[in-house]
Amino acid sequence: MNSRSRFTSRFSPRPLAVLAATAAAFSLALTGCVAGEDAPAGAASEGADGGTLNIDFATYNPLSLVIKDQGWLEATLAEQGVEVNWVQSAGSNKANEALRAGAIDIGSTAGSAALLARSNGSPIKTIDIFSQPEWSALVVGPDSDITSVADLAGKSVAATKGTDPYFFLVQALEEAGLSTTDVTVENLQHADGRTALENGAVDAWAGLDPIMAGAEQAGAKLVYRNLDFNTYGFLNATESFLEEKPELAQVVVNAYEKARAWAAENPEETAQILADVAGMDLAVAKTVILERSNLDVDPAPGEAQRSVLEKIGPTFVETGDVAKQSDIDEAIASLLENSFVQKADPEAVKES
């Protein structure tokens with residue numbers, strides 16, 4: 001699975017007509033000014049009319065960028081007097097922190113990060129699957145003599161703990177007969193990991209798109225890829241929000257399904273939106289959207305995600321990130337919620 005030829009055959013860009021038909025039935029995570037970071041927790045619980053929907057957007061979640069750009073939530077919720085407060089997530093770990101703190105009601109993470117949070121007591125549920133990406137790989141500098149995972153023994157690797165790239169690293173090391181004790185893991189946020197690699201402060205980096213694609217364009221090498229070690233993109237909501245505001249959660253899922261079809265019909269424009277938000281070259285954004293983002297995925301959280309989580313769950317216990325396997329089992333049994341996707345109505349979303 002780690003060969004580029006196999007990856008390309010599975011995720012090579014499809015004709016627009018095929019994407020549009022199937023979708024009708026889908027960081028550079030910036031560390032600068034983040035909108036709404038001082039928003040009051042739980043603002044969405046103020047009543048059916050009025051209040052605030054606190055929701056994240058992230059460069060690793062293209063559908064969130066489309067929804068924000070098109071203004072669909074604002075247009076749909078205007079009559080109810082609901083304000084939409086967009087908060088940027090710099091990584092799955094930051095989205096999880098915001099969900100746990102009540103700073104956002106809905107946030108996007110990798111599946112591994114959602115499982116980790118739920119296993120450690122965060123009351124969240126996954127209400128939509130926004131993509132099946134290849135958004136992580138192991139990256140080295142252009143002049144590095146590292147050519148395999150085994151070569152990482154004794155080396156330093158930048159990774160953001162609690163995110164897919166970190167667990168990608170853990171699984172890659174295990175496959176090569178190593179563990180995190182055989183390397184020095186530098187816990188850096190994704191963008192800082194790229195900087196550390198380029199500055200020579202670390203020997204390798206567990207990268208995340210679209211930052212990773214930008215680093216690759218600048219000369220970095222993806223020394224190890226494996227699609228199976230990337231978990232799905234999970235859209236998560238706090239249980240309190242789902243209990244108190246199920247109608248708002250439904251509007252969000254409706255918007256995500258509208259965005260999935262829109263992105264399939266407008267891949268070039270989707271790439272342009274990503275490029276604008278992330279401040280990257282359009283060519284890099286096209287690589288992320290057209291080659292490394294499978295938007296044609298069943299949005300209903302279910303067996304496919306459960307299978308992936310069951311595979312990665314024991315790793316959390318081995319690394320000490322979760323106390324015991326029973327916590328993993330309980331989290332998997334309670335995390336996935338498909339009822340909102342089952343009732344999704346993209347046509348109910350208003351144009352801005």
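Reader: In which sense do strand β5 and strand β8 pair, and over how many bridges?
Author: This is a predicted model. In this model, β5 (residues 136-140) and β8 (residues 204-208) are antiparallel, with four bridges between them.

Reader: Which residue in β8 is the bridge partner of Ala-137?
Author: Ala-137 is bridged to Gly-207.

Reader: What is the strand order in the sheet?
Author: The order is β7-β6-β8-β5-β9, an open sheet of five strands with mixed pairing.

Reader: Which are the edge strands?
Author: β7 (184-187) and β9 (221-224), each of which pairs on one side only.

Reader: And what does the twist average from one strand to the next?
Author: The average is 35°.

Reader: Helices next. Which strands does α7 touch?
Author: Helix α7 (residues 164-175) packs on the sheet and touches β5, β6 (156-159), β7, β8 and β9. The direction of α7 makes about 75° with that of β5.

Reader: Where does α8 lie?
Author: Helix α8 (residues 190-199) lies across β5, β6 and β8, and runs at about 145° to β8.

Reader: Changing topic. Which helix has Val-253?
Author: Val-253 is part of α11, which spans residues 246-265.

Reader: Buried or exposed?
Author: Val-253 counts as buried because its relative accessibility is 0%, and the cut-off for buried is under 20%.

Reader: What is Val-253 in contact with, leaving aside neighbours within four places in sequence?
Author: The contacts of Val-253 are Ile-127, Asp-128, Phe-340, Val-341 and Ala-344.

Notes. Residues are numbered from 1 along each chain as its sequence is written. This is a predicted model: local features need pLDDT of at least 70, side-chain atom pairs count only at pLDDT 80 or more; totals for chains, interfaces and linings use all residues. Side-chain values use heavy atoms; hydrogens and water are left out. Two strands pair if DSSP finds at least two bridges between them. Helices (H or I, at least four residues) and strands (E, at least two) are DSSP runs, numbered from the N terminus. Axes are lines fitted to C-alpha atoms, for helices over the stretch in contact, and angles run from 0 to 180 degrees between N-to-C directions. Contact means heavy atoms within 4.5 Å. Buried means under 20% relative accessible area, exposed over 50%, partly exposed in between (1.4 Å probe, protein chains only).
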